[in-house]
Number of protein chains: 2
Amino acid sequence: MGVNIAKNSKKRIVIIGGGFGGLEIARRLVKLNYQVVLIDKNNYHQFQPLFYQVATSGLEPSSIVFPFRKNFQRKKNFHFRLTEVIEVDADRNCVLTSLGEVSYDYLVIAAGAGNNFFGNERIEKYALPMKSIVESLNLRNIILERFEAALSIEDNESLLRLVIAGGGPTGVELAGTLAEMKKYILPKDYPELDFDKMQIILVEGSDHVLSAMSEKSSIKAMNYLKKLGVQVKTGTRVSDYDGDEIVLNDNSTIQAKTLVWAAGIRGNFLKGIHESDLGRGNRIIVDGYNRLKNSPNVFAIGDVSIIHTDEYPNGHPQLAQVAIQQGKQLAKNFKKKLKGKSLVKFHYKDLGTMATIGRNKAVVELPKFKFYGFFAWLVWMTIHLRSILGIKNKFLIFMNWVWSYFTYNLSLRLIIKRSDQKKVGTER
Amino acid sequence: MGVNIAKNSKKRIVIIGGGFGGLEIARRLVKLNYQVVLIDKNNYHQFQPLFYQVATSGLEPSSIVFPFRKNFQRKKNFHFRLTEVIEVDADRNCVLTSLGEVSYDYLVIAAGAGNNFFGNERIEKYALPMKSIVESLNLRNIILERFEAALSIEDNESLLRLVIAGGGPTGVELAGTLAEMKKYILPKDYPELDFDKMQIILVEGSDHVLSAMSEKSSIKAMNYLKKLGVQVKTGTRVSDYDGDEIVLNDNSTIQAKTLVWAAGIRGNFLKGIHESDLGRGNRIIVDGYNRLKNSPNVFAIGDVSIIHTDEYPNGHPQLAQVAIQQGKQLAKNFKKKLKGKSLVKFHYKDLGTMATIGRNKAVVELPKFKFYGFFAWLVWMTIHLRSILGIKNKFLIFMNWVWSYFTYNLSLRLIIKRSDQKKVGTER
């Protein structure tokens, strides 16, 4: 037993993580004269920007996740291994995984970021995150179960109150979609429930939702949310939660059985990375070439990394676009390396940011101008469709969106839970 | 807390189980002057005939399961409860569920059938069943994990050997689809594996696969399977399995990490049903009106029931069509009851049986004639599309089939497992 990949004459590049950054660089490197090994604990790439639609029964998981093997079919220089990284051993140029050791000539860490509960273990235990397809499906199940449970109790306000911590794009998009479900779908499914009792509360620590955008866009988004009936509490943080009662930083409380956590992320921890290499938010400090300080053949890209530049003294924003552009630049540098050319530093090209709040409602900020409403919503849809992998996925998502738009109704409100998984004689 | 459904002037009919029979009768009864309560442990109806396509990454679960609430939107006489039945108390006319008690004027038991391991606990522990969408998804995950695991071991024959116990439609259709995956898809996904080592073995106790069909059709199906490279062992039973080694009834053994169990079903056990009411295969004995002997207001339909008639002395076959027709007839009898008319006995109209073995290959037996091959395959697809609930599901499945037909490739080969489900403060 082992990772079992024969070395050949090519230099081997091991990539940890197949998110936006890892997938981008892998797709480019397989065309070059390297042996590429991609390691991920899942056998699929996840399209994070649409997790909230899975959590709200709008899209099927398979529409927004994509098996790696399909993407690299018949590629001889490419090896995927479904395994977890236990430790990076930069001194010995190898990665220890649950399948065994895999050695590398170059290592690219693209391990991404996970939920940040800021050290509060109670929140971590009871709040519901949405940083993976599995967590999003779990959230879908739990939201639906809340309504089922509310049927059996008279005093069901706390079951019908959904609180979202974090007013970034994830929190805003989730709150907007839940508000639309309340308006168009849920009362038809649950004629026995009183939906006046259903509350959607969005809690944001800073003064604005979508605080990374301009004030104008933030206010626009907030107005959209309020119009949909979402209660927005800015300048407010969740400081504790026991599964029943949310405590806010002003010591007021909210009774709610459901708290969705979209309030912070931190770089995924990798054993073997020195404390001195870690910066803000647990991100691995790299230079302009995405290289680690004392390990010239180890690189980090995307959410897990941080480059301090004059333009971005606190690092680039943790966005898909940054990860993709870093993956692209690093792949180009690997190509230059083969040709003996000198490397080029990463430069982030801001393509803009956007968020959708509901039907016909979105805010889009391009570098040169901003726009809102129906046209922004169309742009949001087009860009997301373009970015998703696979023609079939594009088509399925498009069909789903068109269907929901005209019928106000999807048939994905399914509580599908795994039973205890049988693991018959697996070696893994 | 409780089931919490107010009684009204209407008689209440409680239906246990929303499979083919339970759903059919519920859809008809909501149109009549009854209060209808449907109880199921899932919030969705499952289209069993296509489970094998979920297990082989051909269809998404959401294409073949359908939320009950969507089907009964805005129906005032209808109440769905997501709960498990603990016991039937026919003396007190009530059903005890995990949510509390629910009383009835009439009870319809449509609890279906589950896997029958014939008392062998080791087989039950290690073999993989496919009688629910959850089990089918679990099977999909495990099949894919076997190939991932096979990459790490030299001696991987036993990981690449898939054995299916039971040569009914489920076993035959699964074997055929796996053989096609071996031929068209898997070698592209796993260029590092030697697929000559991959074996698909179908084990059937009787002399023929599809033994409920005519000998001609059975032989046709067997030839299709053999052509696809499936090893068919008829007259053979699995007598034991420890997760590594299958023991057959002739004491020969097969080393295989994966044994799929499609070799038998039995009526789902309901506490409170008297031993004397249970017949062959744990089925509840009912008269021609689907009534239990000593409880004139308790009925059983579908796989969980058995009617002994002259034509079917051992009961009707456990097929979707029987359940649907019984649901239909019983609903008609409830209508007659309202009008004081006399009841009509159930009479099964055999509409025929069919099975598909792979691309362009199916066997179809209609009451008057049989046919095979490409045309049978088209008929198989048409009938299944017609039977599935929901226009969107029909369309999605059709698209998936067309796509797979021309591309030989789907993107559903995803190992999506639930993490430990957080159950924050649910009352259920």
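**View 1. The two copies, chain A and chain B, superposed.** In this predicted model, chain B can be laid on chain A with an RMSD of 0.0 Å by a turn of 180° and a shift of 0.0 Å along the axis, where the superposition is by least squares on the C-alpha atoms of residues with pLDDT of at least 70 in both copies. The two copies are thus related as by a two-fold rotation axis. Chains are lettered from A and ligands numbered from 1 in the order in which they are written, and residues are numbered from 1 along each chain as its sequence is written. Because the model is predicted, local features need pLDDT of at least 70 and side-chain atom pairs count only at pLDDT 80 or more, while totals for chains, interfaces and linings use all residues.

**View 2. The interface between chain B and chain A.** Here 59 residues of chain B are in contact with 59 residues of chain A, two residues being in contact if their C-beta atoms, placed from the backbone, lie within 7 Å. The elements that give two or more residues to the chain B side are α3 (61-64), β4 (65-67), α4 (68-71), α6 (133-150), α7 (169-189) and α11 (391-407) of chain B; helices (H or I, at least four residues) and strands (E, at least two) are DSSP runs, numbered from the N terminus. With seven residues, α6(B) gives the most to this side. Of the interface residues of chain B, 100% are also interface residues in chain A, so the copies meet through the same surface.

**View 3. The two domains of chain A.** Chain A is divided into domain 1 (11-115 + 266-339) and domain 2 (117-263), with bounds that come from an automatic or database domain assignment. The centres of these domains, taken over C-alpha atoms, are separated by 31 Å, and 14 residues of domain 1 of chain A are in contact with 18 residues of domain 2 of chain A. On the domain 1 side, the elements that give two or more residues are α2 (51-55) and β10 (113-115) of chain A, and the largest share, five residues, comes from α2(A).

**View 4. Helix α9 of chain B and its surroundings.** The buried residues of α9(B) pack against β1 (11-16), α1 (20-29), β2 (34-40), β9 (106-109) and β21 (298-300) of chain B, a residue being buried if 20 or more other C-beta atoms, placed from the backbone, lie within 10 Å of its own. Among these buried residues are B:Ile324, B:Leu330 and B:Phe334. The helix α9(B) is followed by B:Gly340, whose phi is positive, near 70°.

Technical notes:
A residue is buried if 20 or more other C-beta atoms lie within 10 Å of its own, exposed if 12 or fewer, and partly exposed in between; C-beta atoms are placed from the backbone.
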